[in-house]
Amino acid sequence: MSSILSLSSSLNTNNVTGKTHGKGGFLPALGTWYGDPRGAGSGGACGLGDDVQYPPFSSMISAGNANIFLHGKGCGDCYQTITDECPGACNNVPYHFDLSGTAFGAMANPGKADDLRNLGQVDIQYRRVECSYGKTSIAFKISEKTNPNWFATSIEFVDGDGKLSYVEIAQAHLTNFVPMQNTWGAVWAHVSKT
């Protein structure tokens, strides 16, 4: 199956989940960490899996609580990047970033990463930024379950906005694009009508 995709997105870094940024463009949040102290974290709820341990993420990722994850619509947003959902107690505060052990330690002064991780949680300031993945501006990871009647892809490393609002697909050399559905996180799918 040969396909081509049409993508669209929009970015508004001045307004995140209906709130304007505070002084200096930053808002308060709670920061915690999970997993191995020097671990990569997870991209599970966004469909990124273990890809988060490799460039361009290089383990510098975070899960976001409900106000950031937005039922998967926050996948790919860059604060630096949301790659997973932080459930349960994470929602006891308005904004909560649950960072990989590696990312949390990177906030510390040189040589103090373990001291910072030992605190368990810290108050942080955040703001949304445009995504930039260097030489990679977009990537498609085709689902291993794709077949002649069903096509799914995880769309990753989207420069700029970091997420997509609309995706269409067409067979190669054809111009009749049909919409894909955002099934969860960064995963978009299309079912053929045969």
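Colleague: Why is D98 said to have no salt bridge?

Modeller: In this predicted model, the nearest side chain of opposite charge to D98 is R117, 12 Å away. A salt bridge requires a nitrogen of Lys or Arg within 4 Å of a carboxyl oxygen, so D98 has none.

Colleague: Where is D98, and which residues is D98 in contact with?

Modeller: D98 sits in strand β7, residues 96-100. Neighbours within four places in sequence aside, the contacts of D98 are T32, W33, Y34, S62, A63 and C86.

Colleague: Why is N65 called buried?

Modeller: The relative accessible area of N65 is 0%. Buried means under 20%, therefore N65 qualifies. N65 belongs to the loop between β5 (62-64) and α1 (66-69).

Colleague: What lies 3.2 Å from a polar atom of the N65 side chain?

Modeller: The backbone oxygen of C90 does. N65 also touches C90 by the contact list, which includes C86, N91 and H96 and leaves out residues up to four places away in sequence.

Colleague: How do you know whether F151 is buried or exposed?

Modeller: F151 has a relative accessible area of 10%. The limit for buried is under 20%, so F151 is buried. F151 is part of strand β10, residues 150-156.

Colleague: What is the C-alpha separation of F151 and S192?

Modeller: The two C-alpha atoms are separated by 8.1 Å, with F151 and S192 being 41 residues apart along the chain.

How values were computed
Residues are numbered from 1 along each chain as its sequence is written. This is a predicted model: local features need pLDDT of at least 70, side-chain atom pairs count only at pLDDT 80 or more; totals for chains, interfaces and linings use all residues. Side-chain values use heavy atoms; hydrogens and water are left out. Helices (H or I, at least four residues) and strands (E, at least two) are DSSP runs, numbered from the N terminus. Buried means under 20% relative accessible area, exposed over 50%, partly exposed in between (1.4 Å probe, protein chains only). Lys and Arg count as positive and Asp and Glu as negative; His and the chain ends are not counted. Contact means heavy atoms within 4.5 Å. A polar contact is a pair of N or O atoms within 3.5 Å; within protein, one must be able to donate a hydrogen and the other to accept it, and residues adjacent in sequence count only if both atoms are side-chain atoms.
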